[in-house]
Amino acid sequence: RKQADILNEAEIRALYRACETGRPLGLRDRAVLALYYGCGLRRREGLCLDVSDLHFERSLIHVRAGKGRRERLVPMTRKVRNDLTLYLYQGRAYLLGKNRETPAFLLSERGCRPSGETIDLRLKRLQQMTEENTLQAKNVSLHILRHSIATHLLQRGMNLKRIARFLGHKVLDSTQHYTHYSHGKLQRISPQ
C-alpha cells in the first residue's frame, strides 16, 4: 500500500465536514466515518453490527463478526458515541421506514443492511464532495480509514500493542503493516 493512500487528519476532518447532517444519509455517513475511522473496524465488522452491539452507556462496541470469528470490545470516544447516537435516533429511525424488525445498525435507503459496495460508493461520493484536490486524488476506502486511524494513533504516541488490540490483530506484525508514519520518522508499509 502506498503512503499516499493514508489520509492525514485534515483530510479526515474534510470528510466529516462533507457529511450532510441535515439528512438521514448524511448522519449515516458520519456514523460510517465513526465506525471505520474512529473505531478502526474492518469492512465486514461494521456491516454486521446490530443495534444491540453498541453499548453507549459503557462507550463500547461489541464486535462479534471479527476476523477468524474472534470477538472484541472496541472503545468509543465521546465524539464517536455522539455521531453514532445521532444516527441511531435520527438517521436510522428515518431509514427504517416500515422495516421495524431489522437489528442491523447501518441501513440502506431501503431499510435493510447495506452492502459493502453501497457504503464504498457513498464514501467515494463524500470524498468528491470535499472539493479538496489532494484528497480526491487518493484511493479512499473503508480499509484506508482503518489504516489512517492506526497511523494517527501511532503518531500520537500509542504503543503498537494497544493499537493491535484496538484493531483486533492477533499478531503484532499485522499491525506494523497498518501503521504509516510521515515525516520520515517511521514508515512501515505492507507489501503489495
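Just after helix α5, Glu-131 takes a positive phi of about 60°. Helices here are DSSP runs of H or I with at least four residues and strands are runs of E with at least two, numbered from the N terminus. The model is predicted, so to speak of a local feature takes a pLDDT of at least 70, side-chain atom pairs count only at pLDDT 80 or more, and totals for chains, interfaces and linings use all residues. Residues are numbered from 1 along each chain as its sequence is written, and side-chain values use heavy atoms, with hydrogens and water left out.

**Helix α5**

Let us stay with α5 for a moment. Gly-116, Ile-119, Asp-120, Arg-122, Leu-123, Leu-126 and Gln-127 of α5 are buried. Because they cover an arc of only 160° around the axis, they lie on the same side of α5; the arc is taken from the directions between the helix axis and the C-beta atoms. Buried means under 20% relative accessible area, exposed means over 50%, and partly exposed lies in between (1.4 Å probe, protein chains only). The cover over the buried residues of α5 includes α1 (9–18), α2 (24–38), α3, α6 (133–136) and α7 (142–155), where contact means heavy atoms within 4.5 Å.

**The sheet**

Now to the strands. Three of them form an open sheet in the order β1-β2-β3, with antiparallel pairing. The edge strands are β1 and β3, each pairing on one side only. Two strands count as paired if DSSP finds at least two bridges between them. Strand β1 (residues 54–55) is joined to β2 by two bridges, and His-55 has Leu-60 as its bridge partner in β2. These two strands form a hairpin with four residues between them, and Ser-59 in the turn has a positive phi of about 55°.

**Salt bridges**

A salt bridge is counted when a side-chain nitrogen of Lys or Arg is within 4 Å of a carboxyl oxygen of Asp or Glu. By this rule the count comes to 13, including these pairs:

| Pair | N to O distance |
|---|---|
| Glu-45 and Arg-42 | 2.7 Å |
| Glu-117 and Arg-43 | 3.3 Å |
| Arg-113 and Asp-50 | 2.6 Å |

Glu-117 in α5 and Arg-43 in helix α3 (residues 43–47) are 74 residues apart, so this pair links distant parts of the chain. Arg-43 counts as partly exposed at 33% relative accessibility, whereas both Glu-45 and Arg-42 are buried.

Arg-113 forms its salt bridge with Asp-50. That pair also links distant parts of the chain, with Arg-113 in the loop between α4 (78–96) and α5 and Asp-50 in the loop between α3 and β1, 63 residues apart. Arg-113 is partly exposed at 33% relative accessibility. Salt bridges that share partners join Arg-30, Lys-79 and Asp-83 into one network.

**Cysteines**

How many disulfides does a search of the whole structure find? It finds zero, a disulfide being a pair of cysteine sulfur atoms within 2.5 Å. Cys-19 is buried at a relative accessible area of 7%, while Cys-112 is partly exposed at 35%.
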